[in-house]
Amino acid sequence: MAEYQILKTEGRAKRAVFHTVHGDIQTPVFMNVGTAAAIKGAVSTEDLEGLKTQVQLSNTYHLHVRPGDRIVKQLGGLQKFMSWNKPILTDSGGFQVFSLAGLRKIKEEGVYFHSHIDGKKIFMGPEESMQIQSNLASTIAMAFDECAPSKADRAYVQASVDRTTRWLERCRVEMNRLNSRDDTINREQLLFGINQGAIYDDIRIEHAKRISELDLDGYAVGGLAVGESHEEMYHVLEETIPYLPKDKPTYLMGVGTPANILEGVERGVDFFDCVYPSRNGRHGHLYTNHGKINLFNAKYEVDPRPIEEGCGCPACRRYSRAYIRHLLKAKEMLGMRLCVLHNLYFYNTMMEEIRDSLDKGEFQAYKKRKLDRMGNPDL
RNA sequence: GGAUGGGUAUGCCUAGCGGCGAGGGCAGCGGACUGUAAAUCCGUCACACAGAAACACCGCAGGUUCGAGUCCUGCCCCAUCCA
């Protein structure tokens, strides 16, 4: 059984440790996203060891489609498969209900997808999602939910949230059953519930109260950063998190920019994840303490400086902006790789700084300094 | 000297075969991306402009035609082959 231990608080911000069978997670933490059991951009497990990565996130839907969760199970689970012996969180497929909206139908029993790879029919309900995640043997499994678009109307959101609640109850029963089976690889697999409700405070709060009664291992706020404004997102966090269990970790799914993370920590979030550092890295957008830069821009053509002065990442320790820009323009794999390494290092380092500042009771000061230096609040 | 095939916009390649203010691609330049259908996508890429108003070049010069990038003639380049 996992233990969530709060070490320090500052306002609603929390500094904690989450003890799991796969090791401790120091929070607040940014999980590095490797959807298909790999962080895109040719990032290896060895790389991650030098990037302060604590947790990797992989995806139920994608790994079910390819290579197949049974194959991963045969090979000893995702940790062995990927050669990563630290915690892994698997997303449930709930986000694909949103992102693959054109390829699926939602029913009470679950969701019928057409595979984005070959069009094959795939059914995924709460039980299937739990079975797949159990086969993958991740440290933390996410409940199967519907991530509804932020602009969905009230009636739709209410119906969707009610269904997500029923699904959550089914997830819990199924996860308990799977964890008690002898042939389950990780019999201590944790289950996090997901709060939904778009930007309707009352639906969010009501749902938070409902799922809190289920005594799950952690609670996520989902359905944010899907079209609403930053203000709306922060408002939802302020209104909703107080109704989630204080003695369990809180996870803000799919978020976000460095500024989003600082605002999230302030409102009580422990876990974050986002494709930004990896995707933006592949696209040549680099995070620095003085704002985001686009290495494709002509002004970096003869820039001999590293991406960021003083940065300890593998890209900044050796290479110039001009060289990496050349690699990107020449479509050399190394270019993307170095950029992704830098961005992950930037994010993971920022989380380390956040934890340090919380330890010292100086989070507010740190946050202000960081945001001032980065300039653009949307970063 | 002869034969054949070509020359398409401020860079490169290419579509066009009588209605073209000329379509694509690459390169360039800029932008987007939030639990990853993304090494992707979008914009821009002579000047100007959506107007009975403009007209800067489709190797160059003529010609045929209501109308020519497209057909004809000559010339200039390029490529390949033959002397």
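Which residue in S6 is the bridge partner of Gln56? The partner of Gln56 is Ile88. The strands concerned are S5, residues 56-59, and S6, residues 88-91, and they pair in the parallel sense over four bridges. When I say that two strands pair, I mean that DSSP finds at least two bridges between them. Helices (H or I, at least four residues) and strands (E, at least two) are DSSP runs, numbered from the N terminus.

Some housekeeping before we go on. This is a predicted model, in which local features need pLDDT of at least 70 and side-chain atom pairs count only at pLDDT 80 or more, while totals for chains, interfaces and linings use all residues. Residues are numbered from 1 along each chain as its sequence is written, and chains are lettered from A, with ligands numbered from 1, in the order in which they are written.

Now, the barrel. S5 and S6 belong to a set of eight strands that close into a barrel in the order S4-S5-S6-S10-S11-S12-S13-S14, with parallel pairing. From one strand to the next, the twist averages 30°; the axes behind such angles are lines fitted to C-alpha atoms, for helices over the stretch in contact, and angles run from 0 to 180 degrees between N-to-C directions.

Three strands make it up in the order S7-S8-S9, with antiparallel pairing. S7 (104-106) and S9 (121-124) are the edge strands, each with a single partner strand, so one side of each has no neighbour in the sheet. Here the twist averages 15° from one strand to the next. Three bridges hold the antiparallel pairing of S7 with S8, residues 111-114, and the bridge partner of Lys105 in S8 is Tyr112.

Let's turn to the RNA. Which residues come nearest to RNA strand B? Of the 50 around it, they are Ser99, Cys147, Ala225, Gly254 and Gly256; a residue is near a molecule or strand if its C-beta atom, placed from the backbone, lies within 6 Å of it. S5, helix H5 (94-99), strand S14 (271-274), helix H11 (276-282) and helix H14 (333-359) are the elements that give two or more residues to this surface. Gly256 has another feature: a cis peptide bond joins Val255 to Gly256, with omega about 0°. Gly256 lies in the loop between strand S13 (250-252) and H10.

On to the domains. Chain A is divided into domain 1 (3-274) and domain 2 (281-374), with bounds that come from an automatic or database domain assignment. Their contact takes 24 residues from domain 1 and 28 residues from domain 2, counting two residues as in contact if their C-beta atoms, placed from the backbone, lie within 7 Å. On the domain 1 side, strand S1 (3-10), strand S2 (13-20), strand S4 (29-33) and helix H10 (258-266) each supply at least two residues. H10 gives the most, with five residues.

Last, two lysines. Most residues other than glycine have a negative phi, and most peptide bonds are trans. Lys52, in the loop between helix H1 (45-49) and S5, has a positive phi of about 65°. Lys331 has a positive phi near 60° and is found in the loop between helix H13 (321-329) and H14. Are they buried or exposed? Lys52 counts as partly exposed because it has 18 C-beta neighbours inside 10 Å, whereas Lys331 is exposed, with 8 other C-beta atoms within 10 Å.

How values were computed. Buried ≥ 20, exposed ≤ 12 C-beta atoms within 10 Å, placed from the backbone.
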